[in-house]
Structures are given as structure tokens and as C-alpha cells.
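Here's a quick briefing to read alongside the model. Have the sequence and the 3D view open as you go.

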Amino acid sequence: STAMALLGAGYDDAVGYACCLVAVLFFGSNFVPVKRVPTADGMFFTLVMTSAVWVEGCLLQLCIGNPKFEPFAMLGGALWATGNITVVPIVKTIGLGLGLLLWGL
């Protein structure tokens with residue numbers, strides 16, 4: 001029991017650092033197709049990206065159950081989707097690196 005408690009504390013830290021590493025490596029990689037593929041005005045790209053996030057959220061809900069409905073979270077998602085409409089013009093204009101740098105401010 002004491003060994004599991006000691007392992008648990010280190011395990012939580014390891015999971016946290018692993019998640020940070022994954023975020024560092026893959027954050028922004030979803031915008032690479034914007035630079036490499038003709039995207040026109042970006043509305044289809046935004047539709048596909050937000051649809052994929054919605055499907056992933058639905059699958060996650062099926063796996064963990066249905067938590068309490070949070071309307072502010074829904075509002076945040078709507079604002080996020082609206083903000084992503086500007087990704088294509090920004091990346092096409094100033095590039096992926098600078099665009100994501102300024103996007104994260």
C-alpha cells in the first residue's frame with residue numbers, strides 16, 4: 001500500500017510530463033495541411049477540423065459517460081471554431097511558424 005502511494009505520486013508526474021511532451025511535439029501540426037494543400041478561403045478546412053473535434057468529443061463521451069452539461073464550455077467551443085476560420089488566411093499570409101507564434105499570444 002505504501003509502495004503504491006509512492007509509485008502513484010511519481011506516476012502522476014510522469015504522466016504530466018509525457019502529456020507536456022506530446023503537446024510540445026504535436027501542437028500546431030494540424031495546420032500543416034494549410035501550408036501544403038490549396039485551401040481556398042478555408043471554410044472547408046474549418047468544417048473538417050471542427051467536425052473531427054466534435055466526433056472525437058462524442059467518442060470520448062461514450063467512453064467516460066455523460067458529465068454535467070456546461071454551457072460555458074459550449075460557448076468556448078463556438079468561439080474556438082469561429083477563431084479557427086482565421087487560421088487559413090493567417091498561415092497563407094505570414095506563414096505557419098510566425099502565424100502560430102502570434103496566435104498563441
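Lysine 68 counts as exposed because its relative accessibility is 66% (exposed is over 50%, buried under 20%, partly exposed in between, with a 1.4 Å probe and protein chains only). This is a predicted model, where local features need pLDDT of at least 70, side-chain atom pairs count only at pLDDT 80 or more, and totals for chains, interfaces and linings use all residues. Residues are numbered from 1 along each chain as its sequence is written, and side-chain values use heavy atoms, leaving out hydrogens and water.

**Salt bridge**
- The structure has 1 salt bridge (a side-chain nitrogen of Lys or Arg within 4 Å of a carboxyl oxygen of Asp or Glu).
- Lysine 68 pairs with glutamate 70 in a salt bridge, at 3.8 Å from N to O.
- Glutamate 70 is partly exposed, at 41% relative accessible area.

**Valine 88**
- Valine 88 sits in helix H5, residues 87-94 (helices are DSSP runs of H or I, at least four residues, numbered from the N terminus).
- Setting aside residues up to four places away in sequence, valine 88 touches Val34, Thr39, Ala40, Asp41, Gly42 and Phe45 (contact means heavy atoms within 4.5 Å).
- Methionine 43 is 45 residues from valine 88 along the chain, with 8.6 Å between their C-alpha atoms.

**H5 against H6**
- H5 packs on helix H6 (residues 96-103) at about 130°, with the axes 7 Å apart (axes are lines fitted to C-alpha atoms over the stretch in contact, and angles run from 0 to 180 degrees between N-to-C directions).
- Val87, Ile90, Val91 and Ile94 of H5 meet Leu96, Leu98, Gly99, Leu102 and Trp103 of H6.

Key: Helices (H or I, at least four residues) and strands (E, at least two) are DSSP runs, numbered from the N terminus.
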